[in-house]
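Here is a short report on one protein model. Look over the sequence and the fold, then read on.

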Amino acid sequence: MGLRRGSTAAAASLRRRRKKSGAGATGGAGNSISPNIILVMSIGFIAFVAVLHVVGKLYLVPREAGRS
């Protein structure tokens, strides 16, 4: 009987932990962002950085630097 009682307490503890972790790290309501929004923002940031690299290579490098 003691083993069964201990496993019930462990199961209740797991249930409590699962409920707490669902709220997020901040715990505030309304602070959650959809995973789709995160994906779109990440891809947009990567595209923006790539465009900046291309613009920097085309326009900001002196034209005579590579020629000898």
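How many helices and strands does the protein have? There are 2 helices and 0 strands. Keep in mind that this is a predicted model.

**Whole protein**

| Item | Value |
|---|---|
| Residues in the protein | 68 residues |
| Buried residues | 0% |
| Accessible surface | about 6,700 Å² |
| Share of that surface on carbon and sulfur atoms | 65% |

**The annotated segment**

An unreviewed UniProt entry lists residues 37-60 as "transmembrane region". In the model, this stretch is 96% helix and 0% strand. Its end C-alpha atoms lie 33 Å apart.

**A nonpolar patch**

Which residues make the nonpolar surface patch? They are Val 51, Val 54, Val 55, Leu 58, Tyr 59 and Leu 60. The patch covers about 630 Å².

Take Val 55, one of the patch residues. Val 55 sits in helix 2, which runs over residues 35-59. Is Val 55 buried, exposed or partly exposed? Val 55 has a relative accessible area of 36%, so it counts as partly exposed. That class lies between the cut-offs of under 20% for buried and over 50% for exposed. Patch residues need over 30% relative accessible area, and Val 55 has 36%.

Technical notes
Residues numbered from 1 in each chain as written. Predicted model: local features only at pLDDT ≥ 70, side-chain atom pairs only at ≥ 80, totals over all residues. Heavy atoms only, no water. Helix = DSSP H or I, 4+ residues; strand = E, 2+ residues; numbered from the N terminus. Buried < 20%, exposed > 50% of the residue type's maximum accessible area, 1.4 Å probe, protein only. Areas by Shrake-Rupley, 256 points an atom, 1.4 Å probe, with all protein chains shown as cover. UniProt positions renumbered as here; feature names shortened; annotations may be inferred. Patch = residues over 30% accessible without salt bridge, like charges linked within 9 Å, V, L, I, M, F, W, Y side chains within 5 Å. Salt bridge = Lys/Arg side-chain N within 4 Å of Asp/Glu carboxyl O.
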